[in-house]
Amino acid sequence: MNQVNASHDLEEVLQTVAEGVADVVGFEVAAIRYLRSDGDLECVAVAGDETARAQLLGTRIPVAEIQAEFEMADEWGALRFVPHERLRGSVGAGWIPDVPTLDVPDAWHPEDALIAPLSSPTGELAGVLSVDLPHDGRRPGQFQREVLEMYSVQAGIAINNAWQRARLAEQVRLAEVLRTITQTAGRALDLGRVLDECVEPVVTGLGCHGIWIRAFEGEGERPGIGRGAIHPRDFPVEPSDELLALAKRVAHDCWADRRAVIFSDTKPAPSDLVSVDEQELLFRFVGHIHSRTVLFVPMGAGRECLGYIALTRTAEDAAWSDEEVDAALEIGRDLGRAVLHARLFERERQIVEELQDLDHYKTELISTVSHELRNPLTAIVGHVELLQMLDGPPETERSLAAIARGSARLELLVDDLLMLSKVSDPHRPLIPQPVDMVVVATEAVDMFCLQASRQNVEVRLVVGSRPVFAWGEPAELDRAVCNIVSNAVKYSPAGGQVTLTLEVLEGLVVVECRDQGMGISEADQVRLFTEFYRSSNADAIAMPGTGLGLTIVKRIVDRHRGTLTVESELGRGSTFRMMLPQPPK
Ligand code: ADP
(Lines give C-alpha, C1' and ligand atoms only; values in the text may rest on other atoms or scores of the structure.)
Protein backbone atom coordinates (compact mmCIF):
# COMPACT_ATOMS: atom_id res chain seq x y z
CA MET A 1 0.00 0.00 0.00
CA ASN A 2 1.06 3.49 -0.61
CA GLN A 3 1.89 6.17 1.72
CA VAL A 4 -0.06 9.26 0.79
CA ASN A 5 2.46 12.00 0.23
CA ALA A 6 -0.15 14.52 -0.74
CA SER A 7 -1.75 13.81 2.61
CA HIS A 8 -2.36 17.43 3.37
CA ASP A 9 -4.86 17.91 0.52
CA LEU A 10 -6.34 14.52 1.18
CA GLU A 11 -6.92 15.17 4.85
CA GLU A 12 -8.76 18.36 3.97
CA VAL A 13 -10.99 16.53 1.52
CA LEU A 14 -11.69 13.75 4.01
CA GLN A 15 -12.48 16.26 6.72
CA THR A 16 -15.09 17.83 4.42
CA VAL A 17 -16.53 14.39 3.72
CA ALA A 18 -16.66 13.57 7.46
CA GLU A 19 -18.41 16.83 8.23
CA GLY A 20 -20.88 16.23 5.40
CA VAL A 21 -21.66 12.81 6.79
CA ALA A 22 -22.17 14.15 10.29
CA ASP A 23 -24.42 16.97 9.03
CA VAL A 24 -26.43 15.27 6.36
CA VAL A 25 -26.73 11.77 7.79
CA GLY A 26 -27.24 13.17 11.28
CA PHE A 27 -24.45 11.87 13.51
CA GLU A 28 -22.52 13.60 16.27
CA VAL A 29 -19.31 11.95 15.20
CA ALA A 30 -17.96 10.77 11.84
CA ALA A 31 -14.39 9.59 11.50
CA ILE A 32 -12.32 8.54 8.52
CA ARG A 33 -9.22 6.37 8.61
CA TYR A 34 -7.06 5.46 5.70
CA LEU A 35 -4.69 2.61 5.23
CA ARG A 36 -1.03 3.42 5.79
CA SER A 37 1.68 1.46 4.01
CA ASP A 38 2.51 -0.40 7.22
CA GLY A 39 -0.97 -1.91 7.36
CA ASP A 40 -2.41 0.40 10.02
CA LEU A 41 -5.56 2.40 9.60
CA GLU A 42 -4.85 5.92 10.75
CA CYS A 43 -7.58 8.32 11.76
CA VAL A 44 -7.11 11.46 9.66
CA ALA A 45 -10.46 13.22 9.73
CA VAL A 46 -13.01 13.60 12.50
CA ALA A 47 -16.24 15.56 12.51
CA GLY A 48 -17.53 16.05 16.01
CA ASP A 49 -16.75 17.83 19.23
CA GLU A 50 -13.29 18.57 20.56
CA THR A 51 -13.21 15.54 22.87
CA ALA A 52 -13.96 13.17 20.02
CA ARG A 53 -11.38 14.84 17.80
CA ALA A 54 -8.71 14.81 20.50
CA GLN A 55 -9.32 11.15 21.25
CA LEU A 56 -9.48 9.92 17.69
CA LEU A 57 -7.24 11.99 15.41
CA GLY A 58 -3.93 10.30 14.68
CA THR A 59 -4.85 7.01 16.34
CA ARG A 60 -3.99 3.86 14.47
CA ILE A 61 -5.55 0.44 14.48
CA PRO A 62 -4.25 -2.61 12.66
CA VAL A 63 -6.27 -3.46 9.57
CA ALA A 64 -6.67 -7.01 10.89
CA GLU A 65 -8.72 -5.67 13.78
CA ILE A 66 -11.22 -4.01 11.46
CA GLN A 67 -11.39 -7.11 9.32
CA ALA A 68 -12.20 -9.19 12.41
CA GLU A 69 -14.94 -6.74 13.20
CA PHE A 70 -16.38 -7.03 9.67
CA GLU A 71 -16.65 -10.76 10.20
CA MET A 72 -19.16 -10.35 13.01
CA ALA A 73 -21.00 -7.45 11.36
CA ASP A 74 -24.40 -7.37 9.73
CA GLU A 75 -24.21 -6.40 6.08
CA TRP A 76 -26.25 -3.31 5.43
CA GLY A 77 -25.58 -3.04 1.72
CA ALA A 78 -22.04 -1.75 1.48
CA LEU A 79 -22.08 -0.80 5.17
CA ARG A 80 -21.16 -2.99 8.10
CA PHE A 81 -23.09 -2.76 11.36
CA VAL A 82 -21.87 -4.44 14.53
CA PRO A 83 -24.44 -4.32 17.33
CA HIS A 84 -22.87 -3.62 20.71
CA GLU A 85 -23.79 -7.04 22.09
CA ARG A 86 -21.49 -8.69 19.53
CA LEU A 87 -18.51 -6.44 20.09
CA ARG A 88 -15.46 -7.74 21.82
CA GLY A 89 -13.26 -4.98 23.19
CA SER A 90 -12.98 -1.47 21.85
CA VAL A 91 -12.97 -1.25 18.09
CA GLY A 92 -14.77 0.72 15.46
CA ALA A 93 -14.19 4.42 15.81
CA GLY A 94 -12.42 3.60 19.05
CA TRP A 95 -14.42 6.06 21.06
CA ILE A 96 -17.24 5.16 23.38
CA PRO A 97 -19.29 8.18 24.40
CA ASP A 98 -21.02 8.33 27.69
CA VAL A 99 -24.66 8.90 26.62
CA PRO A 100 -27.94 7.33 27.66
CA THR A 101 -29.66 4.84 25.37
CA LEU A 102 -33.28 5.37 24.26
CA ASP A 103 -35.79 2.81 25.32
CA VAL A 104 -36.94 1.89 21.79
CA PRO A 105 -36.27 -1.29 19.73
CA ASP A 106 -34.02 0.49 17.19
CA ALA A 107 -32.17 2.55 19.81
CA TRP A 108 -28.51 3.32 19.11
CA HIS A 109 -26.23 1.94 21.79
CA PRO A 110 -22.98 3.84 22.51
CA GLU A 111 -21.02 0.70 21.71
CA ASP A 112 -22.74 0.02 18.37
CA ALA A 113 -20.44 0.34 15.40
CA LEU A 114 -21.46 1.40 11.91
CA ILE A 115 -18.63 1.36 9.44
CA ALA A 116 -18.39 1.97 5.70
CA PRO A 117 -15.39 0.27 4.09
CA LEU A 118 -13.66 2.56 1.57
CA SER A 119 -12.38 0.60 -1.39
CA SER A 120 -9.72 1.06 -4.01
CA PRO A 121 -10.76 0.54 -7.67
CA THR A 122 -9.33 -2.97 -7.42
CA GLY A 123 -11.60 -3.72 -4.45
CA GLU A 124 -8.90 -3.61 -1.76
CA LEU A 125 -9.64 -1.92 1.53
CA ALA A 126 -8.29 1.64 1.38
CA GLY A 127 -9.85 3.03 4.54
CA VAL A 128 -12.97 3.15 6.68
CA LEU A 129 -15.62 5.72 7.47
CA SER A 130 -17.35 5.19 10.81
CA VAL A 131 -20.13 7.10 12.50
CA ASP A 132 -21.38 7.35 16.06
CA LEU A 133 -24.05 9.07 18.10
CA PRO A 134 -27.06 9.62 15.80
CA HIS A 135 -28.83 12.88 16.56
CA ASP A 136 -32.13 11.04 16.92
CA GLY A 137 -30.63 8.32 19.14
CA ARG A 138 -31.74 5.60 16.71
CA ARG A 139 -29.98 3.24 14.34
CA PRO A 140 -30.04 4.83 10.86
CA GLY A 141 -32.84 4.03 8.48
CA GLN A 142 -32.62 3.12 4.79
CA PHE A 143 -32.34 6.70 3.55
CA GLN A 144 -29.52 7.57 5.99
CA ARG A 145 -27.66 4.41 5.05
CA GLU A 146 -27.88 5.25 1.35
CA VAL A 147 -26.54 8.74 1.94
CA LEU A 148 -23.75 7.30 4.08
CA GLU A 149 -22.86 4.90 1.27
CA MET A 150 -22.69 7.83 -1.16
CA TYR A 151 -20.29 9.68 1.10
CA SER A 152 -18.16 6.61 1.54
CA VAL A 153 -17.81 6.31 -2.23
CA GLN A 154 -16.66 9.97 -2.31
CA ALA A 155 -14.12 9.33 0.43
CA GLY A 156 -12.87 6.21 -1.40
CA ILE A 157 -12.40 8.23 -4.60
CA ALA A 158 -10.54 10.99 -2.71
CA ILE A 159 -8.16 8.46 -1.17
CA ASN A 160 -7.59 6.75 -4.50
CA ASN A 161 -6.88 10.01 -6.28
CA ALA A 162 -4.38 10.96 -3.63
CA TRP A 163 -2.75 7.57 -3.91
CA GLN A 164 -2.47 7.87 -7.68
CA ARG A 165 -0.85 11.30 -7.36
CA ALA A 166 1.48 10.11 -4.66
CA ARG A 167 2.40 6.98 -6.60
CA LEU A 168 3.21 9.00 -9.71
CA ALA A 169 5.31 11.52 -7.81
CA GLU A 170 7.11 8.70 -6.03
CA GLN A 171 7.80 6.83 -9.25
CA VAL A 172 9.37 9.94 -10.75
CA ARG A 173 11.48 10.51 -7.63
CA LEU A 174 12.64 6.90 -7.40
CA ALA A 175 13.42 6.70 -11.11
CA GLU A 176 15.73 9.67 -10.58
CA VAL A 177 17.46 7.96 -7.63
CA LEU A 178 17.92 4.78 -9.65
CA ARG A 179 19.35 6.72 -12.58
CA THR A 180 21.93 8.36 -10.31
CA ILE A 181 22.88 5.05 -8.70
CA THR A 182 23.18 3.24 -12.03
CA GLN A 183 25.43 6.00 -13.34
CA THR A 184 27.59 6.02 -10.21
CA ALA A 185 27.84 2.25 -10.02
CA GLY A 186 28.75 1.94 -13.69
CA ARG A 187 31.33 4.72 -13.68
CA ALA A 188 33.99 3.83 -11.19
CA LEU A 189 35.79 0.54 -10.72
CA ASP A 190 36.97 1.42 -7.25
CA LEU A 191 34.36 -0.22 -5.06
CA GLY A 192 34.99 1.94 -2.02
CA ARG A 193 34.28 5.02 -4.10
CA VAL A 194 31.15 3.56 -5.66
CA LEU A 195 29.68 2.77 -2.24
CA ASP A 196 30.64 6.15 -0.81
CA GLU A 197 29.19 8.03 -3.76
CA CYS A 198 25.92 6.10 -3.58
CA VAL A 199 25.23 7.01 0.04
CA GLU A 200 24.18 10.62 -0.59
CA PRO A 201 21.69 9.99 -3.45
CA VAL A 202 20.15 7.03 -1.60
CA VAL A 203 19.81 8.96 1.65
CA THR A 204 18.13 11.92 -0.04
CA GLY A 205 16.30 9.99 -2.73
CA LEU A 206 14.79 7.38 -0.45
CA GLY A 207 14.42 9.71 2.50
CA CYS A 208 16.49 7.60 4.89
CA HIS A 209 17.68 8.57 8.29
CA GLY A 210 20.61 6.20 8.18
CA ILE A 211 22.22 3.86 5.69
CA TRP A 212 24.61 1.00 6.09
CA ILE A 213 26.05 -0.61 2.95
CA ARG A 214 28.42 -3.52 3.05
CA ALA A 215 30.05 -5.52 0.26
CA PHE A 216 31.41 -8.91 1.30
CA GLU A 217 35.04 -9.77 0.87
CA GLY A 218 35.34 -12.38 -1.87
CA GLU A 219 36.97 -15.67 -1.04
CA GLY A 220 40.73 -15.59 -1.40
CA GLU A 221 40.63 -11.90 -2.19
CA ARG A 222 43.10 -9.35 -1.05
CA PRO A 223 41.95 -7.50 2.03
CA GLY A 224 40.56 -4.11 1.21
CA ILE A 225 38.21 -5.11 -1.58
CA GLY A 226 35.36 -5.76 0.88
CA ARG A 227 34.05 -2.30 1.64
CA GLY A 228 31.38 -0.55 3.54
CA ALA A 229 29.81 2.86 3.70
CA ILE A 230 27.71 4.28 6.48
CA HIS A 231 25.54 7.32 7.07
CA PRO A 232 25.77 9.41 9.15
CA ARG A 233 29.52 9.33 8.81
CA ASP A 234 29.97 9.91 12.51
CA PHE A 235 27.90 6.83 13.36
CA PRO A 236 28.72 6.34 17.03
CA VAL A 237 29.57 2.60 17.05
CA GLU A 238 31.07 -0.10 14.85
CA PRO A 239 28.84 -3.09 14.02
CA SER A 240 29.78 -6.07 16.19
CA ASP A 241 31.03 -9.32 14.64
CA GLU A 242 27.80 -10.93 15.76
CA LEU A 243 25.74 -8.33 13.93
CA LEU A 244 27.92 -8.60 10.82
CA ALA A 245 27.43 -12.37 10.77
CA LEU A 246 23.67 -11.96 11.25
CA ALA A 247 23.39 -9.39 8.46
CA LYS A 248 25.40 -11.64 6.15
CA ARG A 249 23.14 -14.60 6.83
CA VAL A 250 19.96 -12.56 6.31
CA ALA A 251 21.41 -11.06 3.10
CA HIS A 252 22.03 -14.55 1.70
CA ASP A 253 18.53 -15.69 2.63
CA CYS A 254 16.98 -12.58 1.10
CA TRP A 255 19.03 -12.83 -2.09
CA ALA A 256 17.96 -16.46 -2.54
CA ASP A 257 14.33 -15.22 -2.73
CA ARG A 258 15.28 -11.88 -4.32
CA ARG A 259 13.35 -10.10 -1.61
CA ALA A 260 13.70 -7.24 0.81
CA VAL A 261 12.63 -7.33 4.43
CA ILE A 262 11.35 -4.60 6.71
CA PHE A 263 12.25 -4.77 10.40
CA SER A 264 10.36 -2.60 12.83
CA ASP A 265 10.94 -2.41 16.55
CA THR A 266 7.18 -2.28 17.14
CA LYS A 267 6.49 -5.38 15.03
CA PRO A 268 7.38 -9.02 15.64
CA ALA A 269 10.61 -10.21 14.03
CA PRO A 270 10.09 -11.92 10.64
CA SER A 271 10.44 -15.40 12.15
CA ASP A 272 11.67 -17.12 8.99
CA LEU A 273 14.71 -14.83 8.99
CA VAL A 274 15.64 -13.77 12.51
CA SER A 275 14.84 -14.57 16.11
CA VAL A 276 13.50 -12.03 18.60
CA ASP A 277 16.99 -11.71 20.12
CA GLU A 278 18.56 -11.14 16.73
CA GLN A 279 16.03 -8.42 15.91
CA GLU A 280 16.91 -6.81 19.22
CA LEU A 281 20.57 -6.93 18.31
CA LEU A 282 19.79 -5.07 15.10
CA PHE A 283 17.77 -2.39 16.88
CA ARG A 284 20.42 -1.92 19.55
CA PHE A 285 22.74 -0.99 16.69
CA VAL A 286 20.44 1.29 14.66
CA GLY A 287 18.97 2.64 17.90
CA HIS A 288 22.21 4.59 18.27
CA ILE A 289 20.86 6.92 15.59
CA HIS A 290 17.27 6.62 16.88
CA SER A 291 16.18 4.50 13.96
CA ARG A 292 13.08 2.40 14.49
CA THR A 293 12.58 0.68 11.13
CA VAL A 294 15.09 -0.94 8.80
CA LEU A 295 14.56 -1.76 5.16
CA PHE A 296 17.10 -4.48 4.49
CA VAL A 297 17.93 -5.43 0.89
CA PRO A 298 20.51 -7.86 -0.40
CA MET A 299 23.14 -6.88 -2.97
CA GLY A 300 23.96 -9.48 -5.57
CA ALA A 301 24.51 -10.53 -9.15
CA GLY A 302 23.48 -13.80 -10.76
CA ARG A 303 23.40 -16.45 -8.07
CA GLU A 304 25.91 -14.73 -5.84
CA CYS A 305 24.93 -12.61 -2.87
CA LEU A 306 27.61 -9.92 -2.63
CA GLY A 307 26.52 -7.72 0.27
CA TYR A 308 23.58 -5.79 1.63
CA ILE A 309 22.08 -2.36 2.14
CA ALA A 310 20.24 -1.45 5.32
CA LEU A 311 18.17 1.73 5.16
CA THR A 312 16.78 3.12 8.38
CA ARG A 313 14.06 5.54 9.43
CA THR A 314 12.94 6.98 12.74
CA ALA A 315 9.50 6.69 14.33
CA GLU A 316 8.55 10.08 12.87
CA ASP A 317 9.38 9.09 9.30
CA ALA A 318 6.83 7.59 6.94
CA ALA A 319 6.66 3.83 6.54
CA TRP A 320 8.44 2.26 3.53
CA SER A 321 6.26 2.18 0.43
CA ASP A 322 6.17 -0.74 -2.00
CA GLU A 323 7.79 1.46 -4.64
CA GLU A 324 10.61 2.35 -2.25
CA VAL A 325 11.15 -1.31 -1.47
CA ASP A 326 11.30 -2.12 -5.21
CA ALA A 327 13.70 0.77 -5.82
CA ALA A 328 15.94 -0.40 -2.96
CA LEU A 329 15.98 -3.92 -4.43
CA GLU A 330 16.97 -2.45 -7.80
CA ILE A 331 19.76 -0.47 -6.11
CA GLY A 332 20.90 -3.76 -4.52
CA ARG A 333 21.14 -5.31 -7.97
CA ASP A 334 22.97 -2.27 -9.40
CA LEU A 335 25.49 -2.22 -6.60
CA GLY A 336 25.80 -6.00 -6.85
CA ARG A 337 26.94 -5.60 -10.43
CA ALA A 338 29.38 -2.89 -9.34
CA VAL A 339 30.84 -5.21 -6.68
CA LEU A 340 31.23 -7.96 -9.24
CA HIS A 341 32.97 -5.60 -11.70
CA ALA A 342 35.28 -4.34 -8.98
CA ARG A 343 36.17 -7.91 -8.02
CA LEU A 344 36.83 -8.92 -11.63
CA PHE A 345 38.88 -5.79 -12.15
CA GLU A 346 40.88 -6.54 -9.02
CA ARG A 347 41.44 -10.13 -10.15
CA GLU A 348 42.52 -8.93 -13.59
CA ARG A 349 44.93 -6.47 -12.03
CA GLN A 350 46.41 -9.28 -9.94
CA ILE A 351 46.84 -11.50 -12.99
CA VAL A 352 48.51 -8.69 -14.92
CA GLU A 353 50.87 -8.11 -12.00
CA GLU A 354 51.71 -11.80 -11.82
CA LEU A 355 52.32 -11.94 -15.56
CA GLN A 356 54.51 -8.87 -15.38
CA ASP A 357 56.54 -10.48 -12.59
CA LEU A 358 56.86 -13.63 -14.65
CA ASP A 359 57.93 -11.68 -17.71
CA HIS A 360 60.48 -9.81 -15.70
CA TYR A 361 61.84 -13.06 -14.31
CA LYS A 362 62.10 -14.48 -17.85
CA THR A 363 63.96 -11.40 -19.09
CA GLU A 364 66.39 -11.64 -16.19
CA LEU A 365 66.93 -15.32 -16.79
CA ILE A 366 67.65 -14.79 -20.48
CA SER A 367 70.04 -11.99 -19.66
CA THR A 368 71.92 -14.04 -17.02
CA VAL A 369 72.17 -17.14 -19.18
CA SER A 370 73.37 -15.14 -22.19
CA HIS A 371 76.07 -13.44 -20.14
CA GLU A 372 77.18 -16.78 -18.71
CA LEU A 373 77.37 -18.25 -22.23
CA ARG A 374 79.25 -15.35 -23.70
CA ASN A 375 82.54 -15.71 -21.78
CA PRO A 376 83.17 -19.42 -22.52
CA LEU A 377 82.06 -18.80 -26.10
CA THR A 378 84.59 -16.02 -26.57
CA ALA A 379 87.28 -18.39 -25.26
CA ILE A 380 86.16 -21.13 -27.68
CA VAL A 381 86.17 -18.78 -30.68
CA GLY A 382 89.59 -17.41 -29.72
CA HIS A 383 91.14 -20.85 -29.35
CA VAL A 384 89.61 -22.15 -32.57
CA GLU A 385 91.05 -19.16 -34.44
CA LEU A 386 94.45 -19.92 -32.84
CA LEU A 387 94.31 -23.58 -33.81
CA GLN A 388 93.25 -22.70 -37.36
CA MET A 389 96.45 -20.69 -37.72
CA LEU A 390 98.52 -23.80 -37.02
CA ASP A 391 99.01 -26.34 -39.78
CA GLY A 392 97.16 -29.49 -38.91
CA PRO A 393 95.90 -32.59 -40.64
CA PRO A 394 92.89 -32.07 -42.99
CA GLU A 395 90.46 -33.88 -40.62
CA THR A 396 91.43 -31.49 -37.82
CA GLU A 397 90.97 -28.54 -40.21
CA ARG A 398 87.45 -29.74 -41.05
CA SER A 399 86.58 -30.22 -37.41
CA LEU A 400 87.90 -26.80 -36.55
CA ALA A 401 85.88 -25.26 -39.39
CA ALA A 402 82.72 -27.01 -38.06
CA ILE A 403 83.45 -25.76 -34.53
CA ALA A 404 83.97 -22.24 -35.92
CA ARG A 405 80.59 -22.33 -37.76
CA GLY A 406 78.81 -23.65 -34.70
CA SER A 407 80.42 -21.05 -32.49
CA ALA A 408 79.47 -18.28 -34.92
CA ARG A 409 75.81 -19.37 -34.76
CA LEU A 410 76.00 -19.53 -30.98
CA GLU A 411 77.51 -16.05 -30.90
CA LEU A 412 74.64 -14.79 -33.04
CA LEU A 413 72.11 -16.38 -30.70
CA VAL A 414 73.75 -15.07 -27.53
CA ASP A 415 74.01 -11.66 -29.11
CA ASP A 416 70.29 -11.68 -30.02
CA LEU A 417 69.33 -12.94 -26.56
CA LEU A 418 71.30 -10.20 -24.88
CA MET A 419 69.75 -7.57 -27.12
CA LEU A 420 66.26 -8.99 -26.52
CA SER A 421 66.62 -8.93 -22.75
CA LYS A 422 67.95 -5.38 -22.96
CA VAL A 423 65.06 -4.00 -25.01
CA SER A 424 62.49 -5.99 -23.00
CA ASP A 425 63.60 -4.77 -19.61
CA PRO A 426 60.94 -2.41 -18.22
CA HIS A 427 63.44 -1.16 -15.66
CA ARG A 428 65.72 0.12 -18.42
CA PRO A 429 64.04 3.29 -19.59
CA LEU A 430 64.65 4.70 -23.03
CA ILE A 431 66.87 7.76 -23.06
CA PRO A 432 66.01 9.32 -26.41
CA GLN A 433 68.04 11.77 -28.48
CA PRO A 434 67.82 12.99 -32.07
CA VAL A 435 69.08 10.18 -34.34
CA ASP A 436 70.19 10.91 -37.90
CA MET A 437 68.30 8.18 -39.74
CA VAL A 438 70.12 8.82 -43.03
CA VAL A 439 73.34 7.76 -41.31
CA VAL A 440 71.61 4.73 -39.75
CA ALA A 441 70.13 3.63 -43.10
CA THR A 442 73.38 4.18 -45.02
CA GLU A 443 75.39 2.13 -42.52
CA ALA A 444 72.81 -0.69 -42.61
CA VAL A 445 72.98 -0.85 -46.42
CA ASP A 446 76.79 -0.75 -46.32
CA MET A 447 76.86 -3.54 -43.77
CA PHE A 448 74.85 -5.94 -45.92
CA CYS A 449 75.94 -4.98 -49.41
CA LEU A 450 78.81 -7.53 -49.42
CA GLN A 451 76.49 -10.37 -48.40
CA ALA A 452 73.94 -9.10 -50.94
CA SER A 453 76.40 -9.05 -53.80
CA ARG A 454 77.49 -12.60 -52.91
CA GLN A 455 73.81 -13.61 -53.26
CA ASN A 456 73.43 -11.47 -56.38
CA VAL A 457 70.87 -9.27 -54.64
CA GLU A 458 70.79 -5.54 -55.29
CA VAL A 459 70.29 -3.23 -52.28
CA ARG A 460 69.12 0.34 -52.98
CA LEU A 461 68.76 3.20 -50.57
CA VAL A 462 66.19 5.91 -51.35
CA VAL A 463 66.50 9.07 -49.24
CA GLY A 464 65.53 12.64 -50.02
CA SER A 465 67.88 15.60 -49.85
CA ARG A 466 66.57 16.73 -46.46
CA PRO A 467 67.87 15.30 -43.20
CA VAL A 468 65.60 12.85 -41.39
CA PHE A 469 65.87 12.71 -37.63
CA ALA A 470 64.09 10.28 -35.34
CA TRP A 471 63.72 10.59 -31.55
CA GLY A 472 65.33 7.56 -29.93
CA GLU A 473 68.37 5.55 -28.94
CA PRO A 474 70.90 5.36 -31.79
CA ALA A 475 72.13 1.82 -31.03
CA GLU A 476 68.62 0.43 -30.82
CA LEU A 477 67.38 2.13 -33.99
CA ASP A 478 70.53 0.97 -35.76
CA ARG A 479 69.83 -2.60 -34.67
CA ALA A 480 66.17 -2.42 -35.76
CA VAL A 481 67.01 -1.17 -39.26
CA CYS A 482 69.86 -3.70 -39.64
CA ASN A 483 67.58 -6.57 -38.67
CA ILE A 484 64.96 -5.84 -41.32
CA VAL A 485 67.55 -5.17 -44.04
CA SER A 486 69.39 -8.35 -43.07
CA ASN A 487 66.17 -10.37 -43.38
CA ALA A 488 65.27 -8.79 -46.70
CA VAL A 489 68.67 -9.77 -48.13
CA LYS A 490 68.67 -13.19 -46.48
CA TYR A 491 65.23 -14.18 -47.76
CA SER A 492 65.72 -12.80 -51.32
CA PRO A 493 66.57 -15.07 -54.25
CA ALA A 494 69.46 -14.32 -56.62
CA GLY A 495 68.55 -11.41 -58.88
CA GLY A 496 66.24 -9.93 -56.26
CA GLN A 497 66.14 -6.29 -55.27
CA VAL A 498 65.89 -4.76 -51.79
CA THR A 499 64.85 -1.10 -51.45
CA LEU A 500 65.28 0.82 -48.22
CA THR A 501 63.33 4.08 -48.29
CA LEU A 502 63.46 6.87 -45.74
CA GLU A 503 60.86 9.64 -45.61
CA VAL A 504 58.80 11.79 -43.29
CA LEU A 505 55.03 11.31 -43.52
CA GLU A 506 52.44 13.09 -41.37
CA GLY A 507 55.02 14.04 -38.78
CA LEU A 508 56.50 10.54 -38.49
CA VAL A 509 59.78 9.08 -39.73
CA VAL A 510 58.96 6.16 -42.02
CA VAL A 511 61.61 3.51 -42.65
CA GLU A 512 60.40 1.11 -45.33
CA CYS A 513 62.24 -2.01 -46.46
CA ARG A 514 60.75 -3.67 -49.54
CA ASP A 515 62.00 -6.92 -51.07
CA GLN A 516 60.96 -9.29 -53.83
CA GLY A 517 61.85 -12.37 -51.82
CA MET A 518 60.00 -15.48 -50.76
CA GLY A 519 57.28 -13.58 -48.82
CA ILE A 520 55.45 -14.71 -45.70
CA SER A 521 52.10 -16.55 -45.56
CA GLU A 522 49.20 -14.87 -43.78
CA ALA A 523 49.22 -17.55 -41.07
CA ASP A 524 52.92 -16.92 -40.38
CA GLN A 525 52.46 -13.14 -40.35
CA VAL A 526 50.24 -13.45 -37.25
CA ARG A 527 53.07 -14.87 -35.12
CA LEU A 528 55.98 -13.13 -36.81
CA PHE A 529 56.91 -10.98 -33.82
CA THR A 530 56.84 -13.82 -31.27
CA GLU A 531 60.15 -14.96 -29.75
CA PHE A 532 61.85 -17.81 -31.61
CA TYR A 533 59.15 -17.93 -34.24
CA ARG A 534 60.37 -18.91 -37.66
CA SER A 535 57.94 -19.28 -40.51
CA SER A 536 56.71 -22.67 -41.56
CA ASN A 537 58.05 -22.16 -45.10
CA ALA A 538 60.74 -24.83 -45.75
CA ASP A 539 62.93 -22.46 -47.84
CA ALA A 540 62.96 -19.92 -44.99
CA ILE A 541 63.81 -22.50 -42.35
CA ALA A 542 66.77 -23.62 -44.43
CA MET A 543 68.35 -20.20 -43.89
CA PRO A 544 70.38 -19.66 -40.71
CA GLY A 545 68.47 -17.67 -38.11
CA THR A 546 67.39 -17.49 -34.48
CA GLY A 547 63.77 -16.41 -34.77
CA LEU A 548 64.57 -13.41 -32.55
CA GLY A 549 65.37 -10.70 -35.11
CA LEU A 550 61.83 -9.42 -35.66
CA THR A 551 60.91 -9.75 -31.97
CA ILE A 552 63.81 -7.41 -31.21
CA VAL A 553 62.67 -4.97 -33.92
CA LYS A 554 59.12 -4.99 -32.52
CA ARG A 555 60.26 -4.38 -28.94
CA ILE A 556 62.53 -1.52 -30.04
CA VAL A 557 59.76 0.13 -32.06
CA ASP A 558 57.32 -0.26 -29.16
CA ARG A 559 59.81 1.28 -26.75
CA HIS A 560 60.06 4.24 -29.11
CA ARG A 561 56.25 4.52 -29.19
CA GLY A 562 56.33 3.80 -32.89
CA THR A 563 54.52 1.25 -35.04
CA LEU A 564 55.75 -1.68 -37.08
CA THR A 565 53.72 -3.16 -39.93
CA VAL A 566 54.26 -5.88 -42.48
CA GLU A 567 52.68 -6.48 -45.85
CA SER A 568 53.66 -9.68 -47.52
CA GLU A 569 52.52 -12.27 -50.00
CA LEU A 570 54.03 -15.71 -50.27
CA GLY A 571 56.38 -15.88 -53.30
CA ARG A 572 56.05 -12.16 -54.12
CA GLY A 573 57.99 -10.32 -51.45
CA SER A 574 57.55 -8.38 -48.24
CA THR A 575 57.46 -4.79 -47.06
CA PHE A 576 58.33 -3.94 -43.46
CA ARG A 577 57.49 -0.43 -42.32
CA MET A 578 58.62 1.28 -39.12
CA MET A 579 56.97 4.55 -38.11
CA LEU A 580 58.97 6.47 -35.52
CA PRO A 581 58.48 9.78 -33.74
CA GLN A 582 60.52 12.83 -34.70
CA PRO A 583 62.43 14.80 -32.06
CA PRO A 584 60.21 17.28 -30.18
CA LYS A 585 60.29 20.75 -31.72
P1 ADP B 1 65.24 -15.19 -38.28
O2 ADP B 1 66.44 -15.14 -37.46
O3 ADP B 1 64.65 -16.54 -38.42
O4 ADP B 1 65.35 -14.44 -39.54
P5 ADP B 1 63.33 -13.19 -37.58
O6 ADP B 1 62.61 -12.92 -36.30
O7 ADP B 1 64.13 -12.08 -38.13
O8 ADP B 1 64.15 -14.47 -37.35
O9 ADP B 1 62.23 -13.59 -38.61
C10 ADP B 1 61.29 -14.54 -38.31
C11 ADP B 1 60.83 -15.30 -39.55
O12 ADP B 1 60.16 -14.39 -40.42
C13 ADP B 1 61.94 -15.79 -40.34
O14 ADP B 1 62.30 -17.10 -39.92
C15 ADP B 1 61.42 -15.78 -41.74
O16 ADP B 1 60.74 -16.98 -42.01
C17 ADP B 1 60.39 -14.70 -41.75
N18 ADP B 1 60.91 -13.44 -42.39
C19 ADP B 1 61.41 -12.37 -41.79
N20 ADP B 1 61.72 -11.41 -42.69
C21 ADP B 1 61.42 -11.93 -43.91
C22 ADP B 1 61.48 -11.43 -45.25
N23 ADP B 1 61.94 -10.21 -45.52
N24 ADP B 1 61.04 -12.23 -46.23
C25 ADP B 1 60.55 -13.46 -45.97
N26 ADP B 1 60.46 -13.99 -44.73
C27 ADP B 1 60.89 -13.24 -43.73
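## A tour of cysteines and a cavity

Start with the cysteines: the disulfide count here comes to zero. Keep in mind that this is a predicted model.

**Stop one: Cys-254.** Select Cys-254, which is in no disulfide. Now show Cys-305 as well. Its sulfur is the nearest cysteine sulfur to that of Cys-254, at 8.4 Å. A disulfide would need the two sulfur atoms within 2.5 Å. Is Cys-254 buried or exposed? Cys-254 counts as buried, because its relative accessibility is 0%.

**Stop three: the cavities.** The structure holds four cavities of 30 Å³ or more. Go to the second largest cavity, with a volume of about 80 Å³.

To find it, select its lining:

- Leu-243, Leu-246, Ala-247 and Val-250 are among the lining residues.
- Phe-263, Val-274, Glu-278 and Gln-279 also belong to the lining.
- Leu-282 and Phe-296 complete the list.

Now colour by element. Helix 6 (241-257) and helix 7 (276-286) are the elements that give two or more residues to this lining. Which helix gives the most? Helix 6 does, with four residues.

Last, colour the lining by residue type. Eight of the residues are nonpolar, one is polar and one is charged.

Notes
Residues numbered from 1 in each chain as written. Predicted model: local features only at pLDDT ≥ 70, side-chain atom pairs only at ≥ 80, totals over all residues. Heavy atoms only, no water. 1 Å grid on protein atoms, 1.4 Å probe; cavity = no way out; pocket = protein on both sides within 12 Å on 5 of 7 lines; lining within 4 Å. Points joined across faces, edges and corners; volume = space filled by probe spheres on them. Nonpolar A, V, L, I, M, F, W, Y, C, P; charged D, E, K, R; others polar. Buried < 20%, exposed > 50% of the residue type's maximum accessible area, 1.4 Å probe, protein only.
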